[in-house]
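I opened the model to go through its charged pairs and one of its helices. These are my notes, in the order I looked things up.

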Amino acid sequence: MARTRAQGRQITTGHPAMHKSSSNIAGKKRSRDEVDDDNTNKQSRGASKSDTKKAKALDESMKRTVNKLLTNYGSLPLSDLGLPNPSSANPENVLALVLNAMLTSARISHELAFKSVRCLIEAGYQDIKTLTRSTWEERTDVLTRGGYTRYREKTSTALGDLAQLVVEKYNGDLNHLLSKASSDPTRIRELIKEIKGIGNVGVDIFCDSAQCLWPCLAPFIHPRSMKTAKQCGIGDDVHAIWRTVEEDSENMCKLANALTKVRLEKKEGEFS
């Protein structure tokens, strides 16, 4: 019995020591875990700071490239054709951009397309009254002067249809199209496509160039020019580009026009 009690006492007295030892080990394990957590947190903070620096560097690089594009090639569409106040959404400027979209969306060299647009503007066809009074033969002659010979008959007819549409549906002012669409970009695209001679490419060209006059279209960059934007180093995220120009529709329009010029003139190498 005594032996059994002794054994019992030994067993009983042995338990606190075991608990104490286990507690010390657990404490040491917790300490090591805490150290590991601290190291992980430090590494995470270090990585976060590094990522922030990289993002900031990319933003600065993007801003420099955007500024270079705007400085070297940024201008409002058709601003070199003598249109008064090209940033004003007057009926003549809006119609001029439709004429531009119609001619430059055709499968013809951009040089001849721009030359033909210039001839239309010089003939005063951005004024709906002048365009309405013009005859098919007169419009064909103007297009011929611009070198638009391949599509001159078809386009002359489309110009006559355009004049009729603007007068009958929009009371001579395409700004009424904006009102009819409730400034919704999707609806604007649908209504612009009702113009004969303008398809998806023409609609993209119009939205690209008209966002200065109709800010609800911003931000927009022609899909073909988005590839150019990426090649130039400003990426293909139109909303990130929009933030870089401080969400200013006029600067966005100038930048979109700059990218078009760079693409057509193959100047991407200046920015790589």
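I am working on a predicted model. I began with Lys 230. Its relative accessibility is 54%, and the cut-off for exposed is over 50%, so Lys 230 counts as exposed.

Next I looked for its partner. The side chain of Lys 230 meets that of Asp 236 in a salt bridge, 3.9 Å from N to O. Asp 236 has a relative accessible area of 46% and is partly exposed.

**Helix 10**

Which residues of helix 10 are buried? I found Ser 225, Met 226, Thr 228, Ala 229 and Cys 232 in that class, within a helix that runs over residues 223-232. Why do I put them on the same side of helix 10? Because they cover an arc of only 160 degrees around the axis.

I then looked at the face turned away from that buried side. The exposed residues Lys 227 and Lys 230 sit there. So Lys 230, at 54%, belongs to the face opposite the buried one.

I also checked what comes after the helix. Gly 233 follows helix 10, and its phi is positive, near 100 degrees.

**Salt bridges**

Side chains of opposite charge can pair when their charged atoms come close. How many salt bridges does the rule give? I get a count of eight.

One joins Lys 169 and Glu 194, with the closest N and O atoms 2.5 Å apart. Lys 169 lies in helix 6 (residues 152-170), and Glu 194 lies in the loop between helix 8 (185-192) and helix 9 (200-210). The pair therefore ties together parts that are 25 residues apart in sequence. Lys 169 is partly exposed at 34% relative accessibility. Glu 194 is partly exposed too, at 38%.

The other joins Asp 204 and Arg 189, at 2.9 Å from N to O. Asp 204 is in helix 9 and Arg 189 in helix 8, so this pair links distant parts of the chain, 15 residues apart.

Is Asp 204 buried or exposed? At 12% relative accessibility, Asp 204 counts as buried, because the cut-off is under 20%. Arg 189, at 24%, counts as partly exposed.

Methods: Residues are numbered from 1 along each chain as its sequence is written. This is a predicted model: local features need pLDDT of at least 70, side-chain atom pairs count only at pLDDT 80 or more; totals for chains, interfaces and linings use all residues. Side-chain values use heavy atoms; hydrogens and water are left out. Buried means under 20% relative accessible area, exposed over 50%, partly exposed in between (1.4 Å probe, protein chains only). Helices (H or I, at least four residues) and strands (E, at least two) are DSSP runs, numbered from the N terminus. The arc is that of the directions from the helix axis to the C-beta atoms. A salt bridge is a side-chain nitrogen of Lys or Arg within 4 Å of a carboxyl oxygen of Asp or Glu.
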